[in-house]
Amino acid sequence: MSIFDSKKGVLILSDCLAVMERLEDKSIDLVYLDPPWNTTSSCVFINSSNMISDQDQSQVSEDYDEFIYKVLQQAQRLLKQNGNLILHSIPELNINFHNLLGAVFGDNNFSAEFIIPRNRTARTVNSFTHDHETVICYRVSDSSKFFPLVERSQQEIEKLFPLEENDRRFRIQPLVISSDRPALNYNWKGFDLPPGNVWRFSQQKMDSLEQEGRIYFEKDMRLPRLKVYVDDNNKSIVSTIWDDIIPYHKKGLYASEQSEELLNRIVKLFSEVGDIILDPFAGSGTSGASALNNKRKWIGIEVNPDAIDILKSKLDFKKIDLLPNEQLLELDVIWDLYLPFKASETEVLVQKIEKGENQRVEFKESYIYNDWLNKKDTSIPDKVMKEIAAFLNSNYGGSILIGVHDNGNIRGLKHDIEVIDTKKKSVDGLELAITNKIKDTFGGVVIDLISIHFYNISNKDLCEIRILPSEKLIFLDKEFYIRNGTQASTLKPKEFFDLMLSRKRIL
């Protein structure tokens with residue numbers, strides 16, 4: 001069962017990580033985060049279901065960072081390749097959030113930071129106070145959605161289109177430009193232009209504009225002008241300073257309850273009609289109201305059961321399915337292999353080994369050397385290729401760790417390196433052999449989905465083959481392998497057909 005079988009919105013009263021752990025990989029278009037802020041106030045969240053107070057602030061910050069880092073890891077897993085993560089922040093936390101976001105999404109995937117002016121706070125002579133908040137944006141890839149044209153606010157419309165007739169606002173702009181094109185320097189309705197100036201349009205077009213009522217002229221004007229109506233030009237490229245919208249509800253149920261105008265802008269900038277928006281800290285539900293009003297689907301998570309009355313005042317519960325925590329816990333956990341913040345790649349690898357084999361991790365003792373026969377065994381690489389095919393066909397992809405026993409003991413690659421490259425005896429020779437075997441087996445169709453990495457732990461070399469899931473079906477010797485638990489399995493015809501239906505593949 002999927003949490004989002006419903007075509008309506010879904011509100012889940014639970015810890016946000018417990019929900020995110022049960023959502024499918026690459027199932028979300030936009031993640032919007034407005035988390036509790038880790039400030040020096042007496043109480044802060046250290047996880048989504050508990051509050052602490054009167055503790056050492058450094059310990060609080062460390063716990064908070066680890067919690068947010070877990071949420072971001074889940075968000076990165078859940079977002080589609082063209083998805084975005086939006087995080088609402090304050091200046092004093094921006095550096096910290098950027099460190100966390102960069103570690104998960106990559107610094108190169110930072111896309112924008114928008115400024116939201118707010119009412120001035122009390123000033124002191126000893127420190128600066130900030131008159132704004134920020135919206136930090138990270139993309140998943142270069143193909144992530146972004147629609148920079150936004151509808152102008154009423155205030156902006158009145159400023160840019162000051163004139164009005166028949167309930168239509170408009171502005172005027174010149175019909176004359178500097179040019180030396182003789183064909184456009186003609187007498188129109190008794191108006192002659194000096195040399196070096198021409199009409200913007202042909203005489204036929206000018207006559208047409210006049211018939212449409214698009215020409216504006218008053219007695220004190222030397223030349224007629226063009227009317228530009230707001231309904232012809234009601235969108236502008238969004239700027240990075242959002243002083244044209246109201247950021248907060250003046251009569252909100254929360255002191256910092258954000259306005260739908262703010263959420264509408266975020267939703268329209270980074271998603272399309274029909275997209276799924278996830279809000280792990282739903283609060284009063286403004287993101288849900290905005291998502292549903294703009295024809296998006298919504299998954300909202302709120303840990304505080306007392307917030308249900310507030311949410312009901314904001315959301316139309318005819319459009320919302322409510323999923324209680326006890327019903328959520330009946331669903332399977334899909335991913336909960338969190339990595340600690342600031343862990344090195346080697347530390348991450350050690351943690352993977354300690355957790356053991358699972359749906360996304362496979363151990364292989366060797367690549368080509370048979371310890372039982374004490375010699376090279378060319379059948380072993382074929383088994384590695386079978387595991388690669390299974391990961392390529394899985395929903396999640398995964399990693400193959402070569403040089404690790406099934407029980408997690410590190411064997412190393414000493415013998416593999418020696419028999420692959422008898423002269424240099426280096427990991428370079430082994431890497432080349434694995435790369436060539438992958439190319440010979442699968443061709444170039446999967447090469448961008450596979451990467452090879454080497455590590456040294458306790459003076460023993462290890463190899464990790466990382467595999468991303470393939471959108472195309474990958475067959476190996478006319479067999480279709482898929483990751484099933486901790487092994488690669490072939491599917492019977494009906495199982496294969498059911499799998500393709502579940503993935504909505506066209507055969």
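I started at the end of helix α10, where Gly356 follows with a positive phi, near 85 degrees. Worth noting before going on: this is a predicted model.

Next I went back into the helix itself. α10 covers residues 345-355, and I looked up which of its residues are buried: Val348, Leu349, Gln351 and Ile353. So much for the list; then the cover. What sits over those buried residues of α10? I found strands there, including β19 (361-364) and β22 (398-402). The cover also includes β23 (450-457) and β24 (460-467).

Then I jumped to Ser27. I placed Ser27 in a loop, with α1 (16-20) on one side and β2 (28-33) on the other. Which backbone oxygen lies 2.7 Å from a polar atom of the Ser27 side chain? I traced that oxygen to Glu24. I also checked what Ser27 touches once neighbours within four places in sequence are set aside, and got Leu78, Lys80 and Ile276.

Last, some whole-protein numbers for the page. I have 14 helices and 26 strands down for the secondary structure. The protein has 507 residues, and 47% of them are buried. For contacts between residues at least 6 apart in sequence, I noted that 66% join residues at least 24 apart.

Definitions and conventions: Residues are numbered from 1 along each chain as its sequence is written. This is a predicted model: local features need pLDDT of at least 70, side-chain atom pairs count only at pLDDT 80 or more; totals for chains, interfaces and linings use all residues. Side-chain values use heavy atoms; hydrogens and water are left out. Helices (H or I, at least four residues) and strands (E, at least two) are DSSP runs, numbered from the N terminus. A polar contact is a pair of N or O atoms within 3.5 Å; within protein, one must be able to donate a hydrogen and the other to accept it, and residues adjacent in sequence count only if both atoms are side-chain atoms. Contact means heavy atoms within 4.5 Å. Buried means under 20% relative accessible area, exposed over 50%, partly exposed in between (1.4 Å probe, protein chains only).
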